[in-house]
Amino acid sequence: MVKLVFVDMDGTFLDSEKAISPENASALDAAASLGVMFVPCTGRNLAGLPAELLRHPSVRYAVCANGAVVADVATGRTLREVTIEKDLVLDLYQRLRDRPITFDLFADGTVYTQRERYPLIDRLELSDATKEFVRGVRTVYDGSLEDQLARIGDVCRLNVFYWRDEDRDAVCELVDSEPALRRASSLPCNIEITDRSAHKGAGLRWLCDHLGVSAGECIAFGDGDNDRTMLEAAGDGVAMGNATPEVKAVADHLTSSCDESGVGRYLAPVFAAIAGQAASGSR
C-alpha cells in the first residue's frame with residue numbers, strides 16, 4: 001500500500017512553464033481521497049513552492065533545500081534542519097569570490113543574493129520561465145557576504161550559478177575537497193551545496209521515520225542529479241521521461257515527461273488499484 005508520494009518540482013511535477021497540469025492536479029485530488037500524502041521534495045525553500053500545492057489537503061509536509069529542511073506545511077514549522085557552518089561558508093566564498101558566479105545563501109526560508117551578483121542571472125542559458133522563477137525567489141542584499149552572514153540565521157544550502165566550465169570545475173573541486181559537504185545539480189548551470197548528510201534521500205527517510213512509515217511504502221519521482229538519492233531510498237523510484245541518463249539508471253521504473261504529466265499518468269493506475277482494494281475491503 002502506497003502511503004507517501006515524494007515529488008521533485010521542476011522538471012517533474014511542474015511542466016516546463018512551472019505549472020501544475022490538470023492530470024497532475026487530479027492525482028493530488030485522488031491522493032487526498034485515498035489518504036495518501038504528497039510530499040514536495042525539492043531544492044526550493046518552502047516559500048518557493050506553488051501556493052495551490054501548499055493549500056492542497058494531500059500536502060502536509062515538504063522536504064526542501066535538497067533534504068536539508070523538512071517542514072510542516074500546515075504550520076510552517078521546521079521539523080528538521082541540517083546546516084552548514086558559517087565559517088565554512090565564508091571560507092568557500094573567500095576562495096571563489098573573484099569568479100563570475102553567484103553565491104546564493106539559503107537561510108531563514110529565503111534565498112539571499114548579493115546585488116552585484118544578481119545581474120549574472122541574465123547571462124544563464126535557461127528558459128524564460130526558469131529565469132523568472134529564479135529572480136522571483138531571491139532577496140537581494142547590499143554590502144558584503146561577511147556582513148550578511150552576521151545578519152541572517154543558519155545557512156542550510158548554497159547555490160552557485162555559473163556559465164564557464166572553468167568556474168564549474170573550480171567550484172566542484174573545492175566542494176569535493178571538503179569532507180563536510182556534498183554537491184548536486186538540478187540545472188545545467190548550477191551547483192547545489194549542502195552538508196554531507198543532507199540530501200533528498202535522507203530527507204525522505206527522516207520523514208518516513210517521523211511518521212512511522214516504511215520507505216517501501218513510498219513512490220518518488222525525479223528527473224535530475226539531486227533526485228538520485230530520493231529515487232534510491234523509495235520503495236519505487238520513478239524517473240521522468242526527461243530525466244538524465246544517470247537518474248534513469250537508478251530508477252525502478254520510468255514514466256513520461258513532465259510536459260506529458262508523467263507523475264499523474266503513472267499514479268492513475270496505482271490509485272485506481274488502491275481504491276479498488278478499499279472498496280473490496282468495505283464489502
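Q: Which residue meets Arg 228 in a salt bridge through its side chain?
A: The model is predicted: local features need pLDDT of at least 70, side-chain atom pairs count only at pLDDT 80 or more, and totals for chains, interfaces and linings use all residues. Residues are numbered from 1 along each chain as its sequence is written, and side-chain values use heavy atoms, with hydrogens and water left out. A salt bridge is a side-chain nitrogen of Lys or Arg within 4 Å of a carboxyl oxygen of Asp or Glu. With 3.9 Å from N to O, the partner of Arg 228 is Asp 225.

Q: Does Arg 228 count as buried, partly exposed or exposed?
A: Buried means under 20% relative accessible area, exposed over 50%, and partly exposed in between (1.4 Å probe, protein chains only). Arg 228 has 30% relative accessibility, so this residue counts as partly exposed.

Q: How many residues apart in sequence are the parts tied together by Arg 157 and Glu 192?
A: The side chains of Arg 157 and Glu 192 form a salt bridge at 3.6 Å, N to O. Helices (H or I, at least four residues) and strands (E, at least two) are DSSP runs, numbered from the N terminus. Arg 157 belongs to strand β9 (residues 155-161) and Glu 192 to strand β11 (residues 190-195), so the pair ties together parts whose separation in sequence is 35 residues.

Q: What is the relative accessibility of Glu 192?
A: Arg 157, the partner of Glu 192 in the salt bridge, is buried, with a relative accessible area of 3%. Glu 192 also counts as buried, at a relative accessibility of 3%.

Q: In which helix does Arg 135 lie?
A: The side chain of Arg 135 forms a salt bridge with that of Asp 122 (2.7 Å, N to O). Asp 122 lies in the loop between β7 (110-114) and α4, so the pair ties together parts 13 residues apart in sequence. The helix that holds Arg 135 (residues 128-136) is α4.

Q: What is the radius of gyration of the chain?
A: The chain contains ten helices and 14 strands. For 283 residues the globule rule gives 19 Å, and the chain is close to that value, so it is as compact as a globular protein of that length. The rule is 2.2 Å times the number of residues to the power 0.38, and the radius is taken over C-alpha atoms. For this chain, the radius of gyration is 19 Å.
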